[in-house]
Amino acid sequence: MRKGAAWMMAGWAVAAVIGLGLPGLSGVPGLPGVTEARAAAAEKGPEVKQPVKGVPQMAKFKQVSEVVRDKCMACHSRDYDLPFYAKVPGIRQMIEKDFRDGLRAMDLNVELVDAVKDAPVGEATIAKMEWVVLNETMPPAKFTAVHWGSRLNAEDRKAIMEWTASTRAAHYATGAASSRANEPLQPLPESLPTDARKVALGERLFNDKRLSADNTLACSGCHAEDKAGTDNRRFAEGIRKQFGDINAPTTFNAVFNTRQFWDGRAANLQEQAGGPPLNPIEMGSKDWNEIIAKLAADPDLTAAYAALYPGGWTAAGITDAIAEYEKTLITPNSRFDKWLKGDDKALTQAELDGYQRFKAYRCSSCHVGQAVGGQSFEYMDLKADYFKDRGNPLNSDVGLKGFTKKPEDQHRFKVPTLRNVELTAPYLHDGTVATLDDAVRIMGTYLSGMPVPEGDRALIVSFLRTLTGEYKGKPLTGVAVAK
């Protein structure tokens, strides 16, 4: 065993004896562990800090790749090998818990293994790394107490902060003023490129009740324009007065989501549009042939469709048009957007204070980017057992696991957009939260692990209300929650 690895193992042994329960070095699926890779690199002398064969190339992390490899991957990547002493009763459980907690907070395999090779690091990962560096919370004290080389020094912290800013500027900046360009939240664009004819057709189809089995329910029935793209119900009502057990998310700004649905089962808007029409408790159609037969009987609609899709009626054509329409459901020019773009008078001092607290309580580590969410999947029980405390289990509680079938995705959900959030109550996947104040309280307890006092909650809520934007040049309509 190399000297460095021996010291690492000794450190864990000491940690185990004194009850610190520290995580071990981990590898990535199908590849050698980090310990072995680093030992092999050490044989090369001066090249120890260069990319190592057998470890995923981390070019997307640029100048901080060696920091990520040496000081982050140990607790934030899957398929680790437990140290030899992990078989000692009690120690194994402590080590496994630390590994599990690290992975649940940030899984670098998502970036290094699962993501498209050339895709930039996700906005949520950038924001999480930025937050822990700013607040000096990682690596945790119990880890660095015995693994002295794992501490982030001033040079490491400076490099990470420069990298987060440059990555955000290169891939995610959307027109904020220079002094605010590095905020984790970004302004919405005025519009996206679309085909106007497809948009018009898609809007007709989105509002066409013939997509449902009994011709009583259109897509807009659960995603109403005058209700900020929702139905303001706990669970949406399908045909024949059927109800599911998951809250209907807003269609406004959904185009900015990394995937669609709470469990991410749709890769894009077109896939999403194909789901509800055939869902037996939503729109209930037997198949697309049933839907097409009704639409094809409409000469005017068929002519409009044929002009764009000359091959005849298909599910792909219908969902493509609906998706094109949904790309226009963007709500820019919120007061917060105006502030981001340089209008110092757009927000009150209380609202600015609320935004600072929004960041301080780690809300902006997950609610990031243009949509203020939709960029990652997070655990609803990250810091405390939300599901035990809430009771009344739902089938939808399974979260991302329902799509991926992976045990580690249990209770993991797509982070919802906070755009227009004052108009989209009730909240959470289970629709159990009726007020913004309660939503902030719950997020602090179960996601951030930092209880938010009432005064700070009030300030954060005042900030959240500044995220209501415009649609077609007018303030988005809906009923704002009272608290």
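This is a predicted model: local features need pLDDT of at least 70, side-chain atom pairs count only at pLDDT 80 or more; totals for chains, interfaces and linings use all residues.

User: How many salt bridges does a search of the whole structure find?

Analyst: The search finds 26 salt bridges.

User: Why is the contact between Arg 265 and Asp 263 called a salt bridge?

Analyst: The term requires a side-chain nitrogen of Lys or Arg within 4 Å of a carboxyl oxygen of Asp or Glu. The side chains of Arg 265 and Asp 263 have an N to O distance of 3.0 Å, so the pair meets the criterion.

User: Why is Asp 263 called buried, and why is Arg 265 called partly exposed?

Analyst: Buried means under 20% relative accessible area, and partly exposed lies between that and the 50% limit for exposed. Asp 263, at 15% relative accessibility, is therefore buried. Arg 265 has 38% and therefore counts as partly exposed.

User: What makes Glu 351 and Arg 335 a salt bridge, and which parts does the pair tie together?

Analyst: The closest N and O atoms of Glu 351 and Arg 335 are 2.7 Å apart, which is within 4 Å, so the label applies. Glu 351 belongs to helix α16 (residues 349-360) and Arg 335 to helix α15 (residues 335-340), so the pair ties together parts that are 16 residues apart in sequence.

User: How do you know whether Glu 351 and Arg 335 are buried or partly exposed?

Analyst: Glu 351 has a relative accessibility of 10%, under the 20% cut-off, and is therefore buried.

User: Which parts does the salt bridge between Asp 437 and Lys 483 tie together?

Analyst: The side chains of Asp 437 and Lys 483 meet at 4.0 Å, N to O. Asp 437 lies in helix α19 (residues 436-448) and Lys 483 in the segment after β4 (474-475), so the bridge joins parts that are 46 residues apart in sequence. Asp 437 is buried because its relative accessibility of 11% is under 20%.

User: Which residues are linked in a network of salt bridges?

Analyst: Asp 208, Arg 210 and Asp 298 are linked in such a network.

Notes:
Residues are numbered from 1 along each chain as its sequence is written. Side-chain values use heavy atoms; hydrogens and water are left out. Buried means under 20% relative accessible area, exposed over 50%, partly exposed in between (1.4 Å probe, protein chains only). Helices (H or I, at least four residues) and strands (E, at least two) are DSSP runs, numbered from the N terminus.
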